[in-house]
Amino acid sequence: MKRIAVFCGSSIGFKSIYAEEARKLGEYFAQNNISLVYGGGKIGLMGAIADTIIENKGEVIGVIPKLLRHEEVAHTQITRMIVTKKMSKRKVRISKLVDGYIALAGGFGTLDEIFEALTLGQLGIENKPIGILNTNAFFNHTLQQLDHMVSEGFLKQNNRDMILVSENIEELIDKMKTYQAPKMSKVVNTVASK
Ligand code: AMP
C-alpha cells in the first residue's frame, strides 16, 4: 500500500487517546513509506496525523475544496495541496489517488467520507480496502447499527463484511493488504434476492 486516504475528525475529541492514535498512525505511515492523502486541514485529528508525518519526513497530500482553503483551516506545511472546486469533487480526487481508506474517530464529515467509499465498494465501482481504526471502541455503536441493518434486511452480510476493523494499527494494515473484495455486479444488490 503506497497511498492511503485517512478520514478523521476536524475536532480533536475530549479524550487524548484519539490524537495519540492519530499520531501513532502518522508515525507508522512515515516509517513504512506510506503517503497520507487527506482533507488538507491543520485542525483536529487531521492536523495531528499530518503534523506527525511531516515531522517524520513522510509525504502528505491534502485535497481541499476552495471554500475551506482559508488560513485557519488549511495546512500550509504539507508536501502538496490539491484544491478542488467543490466538496463532491474532492472525494473523487481522493479516490483516484489512493490504494485504500482508513477512518479514525470523527463526526459527520468522517462518516460521510467512509460511507461513500463503502457505497462505491458495495456497487463494485471500487474494490479498495476500507479500514476502521477502532480506537477506544469509538465505532462500536456504528458497527452495531450496521449489524441491525443486516438483521432487518437492508444490508447484505458480505457488504457489511467489507469493513475491516481493528484497534491495532499493524493488524489493520495487514487486513487491508490481504483484503479480497466481494464479487458483485455494478447494480445495487437487493437483500431480498440473497
Ligand atoms: P468531521 O468528521 O465532521 O470533523 O469532518 C472531517 C472530515 O471532513 C475530514 O476527513 C475532512 O476530509 C472533511 N473536513 C471537515 N472539515 C474540514 C476542514 N475544516 N478542513 C478540511 N477538511 C475538512
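Biologist: Which helix gives the most to the shell around the ligand?

Modeller: In this predicted model, the answer is helix α4, which spans residues 108-122 and contributes four residues to that shell.

Biologist: Which residues come nearest to the ligand?

Modeller: There are 16 residues around the ligand, and those that come nearest are S10, G107, G109, T110 and E113.

Biologist: What is 2.7 Å from an oxygen atom of the ligand?

Modeller: That is an N or O atom in the side chain of S10.

Biologist: Where does the ligand sit?

Modeller: The ligand sits in the largest pocket.

Biologist: How many salt bridges does the count come to?

Modeller: The general idea is that side chains of opposite charge can pair when their charged atoms come close. Taking a cut-off of 4 Å between a side-chain nitrogen of Lys or Arg and a carboxyl oxygen of Asp or Glu, the count comes to five salt bridges. One of them joins E116 and K91, whose closest N and O atoms are 2.8 Å apart. This pair links distant parts of the chain, with E116 in helix α4 and K91 in helix α3 (residues 87-97), 25 residues apart.

Note on methods. Residues numbered from 1 in each chain as written. Predicted model: local features only at pLDDT ≥ 70, side-chain atom pairs only at ≥ 80, totals over all residues. Heavy atoms only, no water. Near = heavy atom within 4 Å. Polar contact = N/O pair within 3.5 Å; in protein donor to acceptor, adjacent residues only side chain to side chain. 1 Å grid on protein atoms, 1.4 Å probe; cavity = no way out; pocket = protein on both sides within 12 Å on 5 of 7 lines; lining within 4 Å. Sits in = over half its atoms within 2 Å of the grid points. Helix = DSSP H or I, 4+ residues; strand = E, 2+ residues; numbered from the N terminus.
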